[in-house]
Amino acid sequence: MFVSKNNFYISPEDYLEGERVSPIKHEYRRGHVYAMTGAKKPHIIIGSNLVMLLGNHLLNTPCLVLSSDIKVRLEEANCYYYPDVAVTCDERDTGSNEDFILYPSLVVEVLSPSTAAFDRGNKFADYQTSPSLQEYVLITQSESKIECFRVNTEGNWVSQTYRQGDELELMSIDFRCPIAQVYQKVPGLIL
């Protein structure tokens, strides 16, 4: 969640240096740094459920399932974002000790009221500059609704929406599960 914006340019190198010692996380977009606030309980539960489900699915593969503490570097867009969940299977990421990845195949954002428009708009546009990204997933935390955007064979992004009772499919990692498993233990949701 973005809560503040500075009005002066910061280089990516200065951002990374500051981020390594900062007690709070910041995202970086074209020279501007945005502080992030803590997530609400449903947001955290959904992210944790997905990390567990995807981690178990990819356990015996070279792929990494990463939580919201890893940054994704989008070089062409000049951004660093902290997605709620990211998957990379690229050995340039899996063999690196950097505190960011460059080659995600899957990125998941759990929507908050204050970030939903940005996650759907400018952030999604920035993520589309990643040549490795195959799926961008937006999860609503107040109802059982997951939107999955995929790159088709023509290079266009197409969307598919999953709702209560549906089976979620993430083609980039050959994963399927009932949508209810993503929302398991989220308070106040009827599954």
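**Figure 1. Buried face of helix 2 in the predicted model.** His 43, Ile 45, Ile 46, Gly 47, Asn 49, Leu 50, Leu 53 and Leu 54 are the buried residues of helix 2. The structure shown here and in the other views is a predicted model. Helix 2 covers residues 41–57, and at 1.5 Å a residue these 17 residues should span 24 Å.

**Figure 2. The largest nonpolar core.** This core has 28 residues. Leu 54, Ile 139, Ile 146, Leu 170, Val 182 and Tyr 183 are the residues with the most contacts inside it. Two or more residues come from each of helix 2, strand 7, strand 9 (104–111), strand 10 (135–140), strand 11 (145–151), strand 13 (167–170), strand 14 (175–178) and helix 6 (179–182). Helix 2 gives five residues, the largest share of this core.

Figure 3. Leaving aside residues up to four places away in sequence, Ile 139 touches Ile 46, Leu 50, Val 108, Glu 109, Val 110, Leu 111, Lys 145, Ile 146, Val 182 and Tyr 183.

**Figure 4. The disulfide between Cys 63 and Cys 89.** The structure holds one disulfide. Cys 63 is joined to Cys 89, with an S to S distance of 1.9 Å. The torsion about this S-S bond is about 105°, so the disulfide is right-handed. Cys 63 lies in the loop between helix 2 and strand 4 (64–66), while Cys 89 lies in the loop between strand 7 (85–88) and helix 3 (91–94). The pair therefore ties together parts that are 26 residues apart in sequence. Cys 63 is buried, at a relative accessible area of 16%, whereas Cys 89 counts as partly exposed, at 34% relative accessibility.

**Figure 5. Cys 148 and Cys 177.** Cys 148 is in no disulfide, and the nearest cysteine sulfur is that of Cys 177, 12 Å away. For Cys 177 the closest cysteine sulfur is in Cys 148, and the 12 Å between them is too far for a bond. Cys 148 counts as buried because its relative accessibility is 0%. Cys 177 also counts as buried, at 3% relative accessibility.

**Figure 6. Strand 2 and its pairing partners.** Strand 2 comprises residues 26–29. His 26 and Tyr 28 point one way from this strand, Glu 27 and Arg 29 point the other way, and all are buried. Strand 2 runs antiparallel to strand 3 (residues 32–36), and four bridges join the two. Within this pair, Arg 29 stands opposite His 32 of strand 3. The hairpin formed by strand 2 and strand 3 has two residues between the strands, and Arg 30 takes a positive phi near 50° there. Strand 2 also pairs with strand 6 in the antiparallel sense, over two bridges. Tyr 28 stands opposite Tyr 80 in strand 6.

**Figure 7. Positive phi at Asn 78 and Asp 174.** Asn 78 is not a glycine, yet its phi is positive, at about 55°. This residue lies in the loop between strand 5 (71–74) and strand 6 (79–81). Asp 174, likewise a residue other than glycine, has a positive phi near 50°. Asp 174 is found in the loop between strand 13 and strand 14.

Technical notes:
Residues are numbered from 1 along each chain as its sequence is written. This is a predicted model: local features need pLDDT of at least 70, side-chain atom pairs count only at pLDDT 80 or more; totals for chains, interfaces and linings use all residues. Side-chain values use heavy atoms; hydrogens and water are left out. The expected span of a helix is 1.5 Å times one less than its number of residues. Buried means under 20% relative accessible area, exposed over 50%, partly exposed in between (1.4 Å probe, protein chains only). A disulfide is a pair of cysteine sulfur atoms within 2.5 Å. A nonpolar core is a set of buried Ala, Val, Leu, Ile, Met, Phe, Trp, Tyr and Cys residues joined through side-chain atoms within 4.5 Å. Contact means heavy atoms within 4.5 Å. Two strands pair if DSSP finds at least two bridges between them.
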